[in-house]
Each structure stands twice: as C-alpha cells, then as structure tokens.
Amino acid sequence: MKLQGKKVIALGERDGVQGGALAACAQSAGAEVVLETTYCFV
Amino acid sequence: MVLLGTPNAESSRLYAMTVTAGDPSWAGALAGVALGLPVYHVMEEAVKTQVAPEVYEEQVALMEMVLEAADIAQAVQEVRAHTGQGD
C-alpha cells in the first residue's frame, strides 16, 4: 500500500488521534486529504 | 482510502467495517452499503513507515504510547482480510 498520490479520508477521534494529525501525516507521505474530521462520543 | 485515528480495537473494527462491508450495527446510513474502501489505521506499520518521522513524532507518537497499537492494527488488518483487501 502506497500513500503517495492517494486521496485520503481522515477519520479522527478525540480520544485517539485527531483528524488534523491524520491529515498532517497523510500529506507528509504525499497523499491528498479530501476529507478531515474529528469525532467525539463523550 | 480511509485513514483512522480511533482509540481502541473495538472502535477501529467498527469504523473499518463501516467503510468496507457496511455498518455492522445497522444503525446508520451505511447499513448494508459496501463501500469497499481501503482502510488503515495511522499507527499501522504500513502507514507509519511512509509518514515523515518528524511529523509522526509530533502528531501521533504521544498517543501511540498510551493506546493499544498492536490490538488496533490487528483489528483493522482482520477487517481488510475479511473483505478481501490485501496488505
């Protein structure tokens, strides 16, 4: 699996890794983030 | 593809199944809808090794120390295997 060039949906969670962090990771690997969100179930 | 940041194995499995085979709880709009999207957790080695080390360290490393990364990775891998996605 290669992240380079892929379109990524980043589904973060407040108690885990948040969406912004996932997006930063994906972008640093050469992917395009098309949706980024952070869910909270508290 | 879908990148997850879920905090435990159970929620990771639920998210992964929802974006591949459809919502297993049959509670949401994706019940019975098999999107078949490739799904990975950010703490899986297959993802981690492709992220710039300084970015991973700043954004994820702290949470990786407190979450059950191995259990989470196994849960998502099982869903991929079950839905016919290779690693």
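Predicted model: local features only at pLDDT ≥ 70, side-chain atom pairs only at ≥ 80, totals over all residues.
Residues are numbered from 1 along each chain as its sequence is written, with chains lettered from A and ligands numbered from 1 in the order in which they are written.

**Where the chains touch**
- The contact (C-beta atoms, placed from the backbone, within 7 Å) takes 21 residues from chain A and 24 residues from chain B.
- On chain A's side, H1(A) gives the most, with seven residues.
- That side of chain A divides into 13 nonpolar (Ala, Val, Leu, Ile, Met, Phe, Trp, Tyr, Cys and Pro), three charged (Asp, Glu, Lys and Arg) and five polar residues (the others, Gly among them).

**Strands across the chains**
- S1(A) and S1(B) run parallel, joined by three bridges; strands pair if DSSP finds at least two bridges between them.
- A:Ala10 stands opposite B:Leu3 in S1(B).

**Helix H1 of chain B**
- Helices are DSSP runs of H or I with at least four residues, and strands are E runs of at least two, numbered from the N terminus.
- The buried residues of H1(B) (20 or more other C-beta atoms within 10 Å of their own, placed from the backbone) include B:Tyr15, B:Met17 and B:Val19.
- Their cover includes strand S1 (7–13) of chain A and helix H5 (69–82) of chain B.
- Just after H1(B), B:Gly22 takes a positive phi of about 115 degrees.

**A:Cys40**
- A:Cys40 sits in the segment after strand S2 (32–39) of chain A.

How values were computed: Buried ≥ 20, exposed ≤ 12 C-beta atoms within 10 Å, placed from the backbone. Contact = placed C-beta atoms within 7 Å.
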